[in-house]
Amino acid sequence: MLSREDLKEIAKMQAGDAFFVSLYLNVNPMTNVKNNYVIHVKNMLKSTLERLDKIVLKKVNNDFEKIESYIVANKRAFKKGLAILSSSEKNFWREFQLSVPVKNEIIVDRAPYIKPLLDILDNYRRYAILLVGRESARLFIIHLGEIEEYTEVHTEDVPGKHKKGGWFSLSEKSYERHIDYHVGLHLKDVVKQLEAFLSREYVGRLIIGGSEETIKKVKAMLPQTVADKIIGTFQAEMFAKSNEILEKARPVLQAFEKKKQAETVDDLLTRAMKNENAVIGIEDVLNALQEGRIMKLIFLKDFRQSGISCKNCGYLTIQEISACPYCKGTMQKANYVIELTAQKAVEQGAIVEIIPENKKLQESGSIGAFLRF
Ligand SMILES: [Zn+2]
């Protein structure tokens with residue numbers, strides 16, 4: 001999974017005369033009939049090689065071969081986007097399987113090109129999860145529907161309840177105080193680490209899991225800036241597996257996402273109605289796409305539309321026309337107009353937001369876009 005810290009490390013890699021090859025590839029099976037991105041990437045690599053200076057070429061030839069054989073060997077395993085950063089000279093290789101579309105590009109430079117990855121971190125909401133217990137805590141991030149555990153916090157010397165009534169003659173009451181004191185120290189430590197984690201990763205939303213009692217305790221200790229980020233809580237055991245945590249947090253996540261999506265749709269519809277750089281409905285969206293105006297494309301997850309596209313320039317339409325109005329090229333059937341629209345929008349630098357369900361959007365044509373101008 002992508003993390004800002006990871007990308008920061010990668011960004012630091014630039015050094016000396018080494019060259020890096022950064023490849024971003026649209027591997028969405030819906031817009032790539034018969035895995036035609038394999039042919040596509042071969043052409044991209046070839047035309048890049050032709051442009052390169054001989055000295056640089058010698059340095060990255062190995063990377064190009066490695067990338068090509070990796071894509072050929074793994075083609076069935078891909079999601080929507082693929083990013084590969086490689087430098088044979090530096091003995092460096094990273095791959096990112098992305099569930100969002102990316103713009104096709106190859107960059108050969110003295111540093112790995114990570115801007116598209118940073119954009120994904122910025123443009124798709126991320127959530128931090130703190131699972132907190134009396135003597136340990138775990139931190140997770142949820143991004144693009146996946147969960148990853150980042151770190152564990154253990155605080156030494158939190159006495160367990162089982163020692164209660166031991167040989168050392170603390171009265172029950174003072175023993176409880178003794179435990180509370182240690183749990184308090186532990187939670188203080190957790191809060192400190194949580195704060196650092198949130199600011200390091202720029203995560204703006206937090207969900208807390210644990211027992212009711214511990215959640216209450218830790219919430220009371222959070223500084224306001226962190227408390228403001230809480231969007232909900234859930235009950236879970238400390239030893240739960242990542243996927244169980246994701247399941248437990250899901251109701252909180254879904255409620256929050258739904259609210260945010262409703263706000264986005266309301267904004268879209270209001271602006272479209274006032275003609276303020278927004279459009280709704282597939283025809284207006286396709287027109288805006290053709291003009292390169294889309295800033296953010298929004299559509300319902302289950303929205304399907306077929307149409308036709310120009311064999312020559314890729315112009316997309318749902319109207320029955322026999323020749324492309326832009327280049328007179330021949331038109332061919334396009335089954336996945338929405339997926340193609342999303343890909344083209346991404347290639348123009350737009351963000352894509354897919355909404356699982358929203359009645360208002362459905363009643364307004366299931367698709368819309370915020371425009372740049
Ligand atoms: Zn055309």
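Arginine 126 has histidine 143 of strand E6 as its bridge partner. This is a predicted model, in which local features need pLDDT of at least 70 and side-chain atom pairs count only at pLDDT 80 or more, while totals for chains, interfaces and linings use all residues. Residues are numbered from 1 along each chain as its sequence is written.

**Overall build**
- The protein has 11 helices and 16 strands. Both are DSSP runs numbered from the N terminus: helices (H or I) of at least four residues, strands (E) of at least two.
- The C-alpha trace spans about 95 × 55 × 35 Å along its principal axes.
- Of the 373 residues, 34% are buried. A residue is buried if 20 or more other C-beta atoms lie within 10 Å of its own, exposed if 12 or fewer, and partly exposed in between, with C-beta atoms placed from the backbone.
- Among contacts with a separation of 6 or more, 69% link residues 24 or more positions apart. A contact requires C-beta atoms, placed from the backbone, within 7 Å.

**Domains**
- The chain divides into domain 1 (4-122), domain 2 (124-257) and domain 3 (277-371). These bounds come from an automatic or database domain assignment.
- The centres of domain 1 and domain 2, taken over C-alpha atoms, are 38 Å apart.
- Six residues of domain 1 and seven residues of domain 2 make the contact.
- On the domain 1 side, helix H1 (4-11) and helix H4 (115-123) each supply at least two residues.
- That side holds three nonpolar, one polar and two charged residues. Nonpolar covers Ala, Val, Leu, Ile, Met, Phe, Trp, Tyr, Cys and Pro; charged covers Asp, Glu, Lys and Arg; the others, Gly among them, are polar.

**Five-stranded sheet**
- The sheet is open, ordered E7-E6-E5-E8-E9, with mixed pairing. Two strands pair if DSSP finds at least two bridges between them.
- Strand E7 (146-154) and strand E9 (230-235) are the edges; each has a single partner strand, so one side of each lacks a neighbour in the sheet.
- Neighbouring strands are turned by 20 degrees against each other on average, direction ignored.
- E5 and E6 run antiparallel, joined by seven bridges. They form a hairpin with three residues between them.
- Strand E6 (residues 136-143) is also antiparallel to E7, through eight bridges. Alanine 137 faces valine 153 in E7, and isoleucine 141 has glutamate 148 of E7 as its bridge partner.
- The hairpin of E6 and E7 has two residues between the strands, and leucine 144 there takes a positive phi near 55 degrees.
- Six of the eight residues of E6 are buried, so E6 is largely enclosed by the rest of the structure.
- Helix H8 (residues 242-273) lies across strand E5 (126-132), E6, E7, strand E8 (206-210) and E9, at about 140 degrees to E9. Axes are lines fitted to C-alpha atoms, for helices over the stretch in contact, and angles run from 0 to 180 degrees between N-to-C directions.

**Helix pair**
- Helix H2 (residues 37-51) packs with helix H3 (residues 54-74) at about 175 degrees, their axes 10 Å apart.
- H2 is therefore roughly antiparallel to H3, a term for angles over 145 degrees.
- H2 contributes Val38, Val41, Lys42, Leu45 and Leu49, and H3 contributes Leu57, Phe64, Ile67, Glu68, Ile71 and Val72.
- The residues of this contact are nine nonpolar, no polar and two charged.

**Three-stranded sheet**
- This open sheet has the order E13-E12-E14, with antiparallel pairing.
- Strand E12 (residues 307-310) and E13 share two bridges. Isoleucine 308 has threonine 317 of E13 as its bridge partner.

Methods. Two residues are in contact if their C-beta atoms, placed from the backbone, lie within 7 Å. Angles under 35 degrees count as roughly parallel, over 145 as roughly antiparallel, 65 to 115 as roughly perpendicular and the rest as oblique.
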